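Reader: I have a model open and would like to learn how to read a few of its features. Please take them one at a time.

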Amino acid sequence: MAQMYPSRLDQNTSSPAEKRLFPVLQAHLSDDYTVFHGPALQVTRKSGGVDDREIDFLIAHPIFGLLAIEVKGGQITIDGRGKQWLQNGRSLKKSPVQQVKQAAYDLHDYLRNEPDTSRFSYPTWYAVCFPDVDVTGDLAPDAPREIILDKRDVTASSVTSAIEAIYKHYQ
């Protein structure tokens with residue numbers, strides 16, 4: 001069973017998709033995995049000011065490294081012409097892939113540059129999870145099927161192999 005931080009899902013979690021994914025990760029990833037739900041990070045912009053980042057799930061493995069996952073529930077589609085991501089027919093402000101990619105890169109930079117973690121050398125990867133849809137192929141050039149968890153992947157029998165397949169895709 002994976003070590004979870006926090007150990008129980010925060011009762012204020014509003015995302016039904018995150019509520020479904022949390023116990024699957026907890027119960028079906030081995031104890032080699034540590035999973036953080038909702039870690040936040042504040043990033044200083046080069047131009048001044050700060051940006052807030054939040055990662056829905058951050059999975060840590062001693063060999064494979066870190067995997068940041070953005071979770072979007074409901075019907076997820078992408079308008080190929082406008083490159084606009086939609087959730088239940090409504091436009092998302094930002095591509096979930098770009099959102100998690102930026103958060104993963106910022107976390108990696110933070111860990112590399114903090115004095116207490118300056119020896120950090122784990123690879124940091126990213127993925128998206130759409131637990132309510134079946135994804136049959138690539139969704140966009142930056143969203144290949146290999147970095148997507150769909151409803152078939154977030155089951156008790158599939159989640160470990162799906163997570164490991166994402167790590168292997170990057171390696």
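Author: A polar contact is a pair of N or O atoms within 3.5 Å, where one must be able to donate a hydrogen and the other to accept it. Keep in mind that this is a predicted model.

Reader: Which side chains does a polar contact of 2.9 Å join?

Author: The side chains of Thr124 and His108 are joined by that polar contact. His108 is also among the residues that Thr124 touches, together with Leu66 and Ala104, leaving aside residues up to four places away in sequence.

Reader: Where does Thr124 lie, and why does Thr124 count as buried?

Author: Thr124 is in strand E10, which covers residues 124–130. Buried means under 20% relative accessible area. Thr124 has 11% relative accessibility, so Thr124 counts as buried.

Reader: And is Asp109 buried or partly exposed?

Author: Asp109 has a relative accessible area of 42%, so Asp109 is partly exposed. Asp109 belongs to helix H2, residues 96–113.

Reader: Next, the nonpolar cores. How many residues has the largest nonpolar core?

Author: The largest nonpolar core has 26 residues, and Leu25, Ile59, Leu67, Ile69 and Ile163 have the most contacts inside it. At least two residues of this core come from each of helix H1 (16–28), strand E5 (57–61), strand E6 (65–71), E10 and helix H3 (159–170). A second, separate core has 25 residues, including Val100, Val128, Val133 and Val135.

Reader: What does Ile69 touch?

Author: Among the residues touched by Ile69 are Ile59, Ile163, Val100 and Val128, again not counting residues up to four places away in sequence.

Reader: Last, how is a pair of aromatic rings described?

Author: By the distance of the centres and the angle of the planes. The structure holds seven aromatic pairs. The rings of Phe22 and Phe57 have centres 6.5 Å apart and planes at 50 degrees, so this pair is tilted. Phe22 lies in helix H1 and Phe57 in strand E5, so the pair ties together parts 35 residues apart in sequence. Both Phe22 and Phe57 are buried.

Reader: Is the pair of Trp125 and Tyr170 stacked or edge-to-face?

Author: Trp125 and Tyr170 are stacked, at 4.7 Å centre to centre and 10 degrees between the planes. The pair links distant parts of the chain, with Trp125 in strand E10 and Tyr170 in helix H3, 45 residues apart. Trp125 and Tyr170 also form one aromatic cluster with Tyr105 and Tyr126.

Notes. Residues are numbered from 1 along each chain as its sequence is written. This is a predicted model: local features need pLDDT of at least 70, side-chain atom pairs count only at pLDDT 80 or more; totals for chains, interfaces and linings use all residues. Side-chain values use heavy atoms; hydrogens and water are left out. Helices (H or I, at least four residues) and strands (E, at least two) are DSSP runs, numbered from the N terminus. Buried means under 20% relative accessible area, exposed over 50%, partly exposed in between (1.4 Å probe, protein chains only). Contact means heavy atoms within 4.5 Å. A nonpolar core is a set of buried Ala, Val, Leu, Ile, Met, Phe, Trp, Tyr and Cys residues joined through side-chain atoms within 4.5 Å. Rings of Phe, Tyr and Trp (its six-membered ring) pair if their centres lie within 6.5 Å; planes under 30 degrees apart count as stacked, over 60 as edge-to-face and the rest as tilted.
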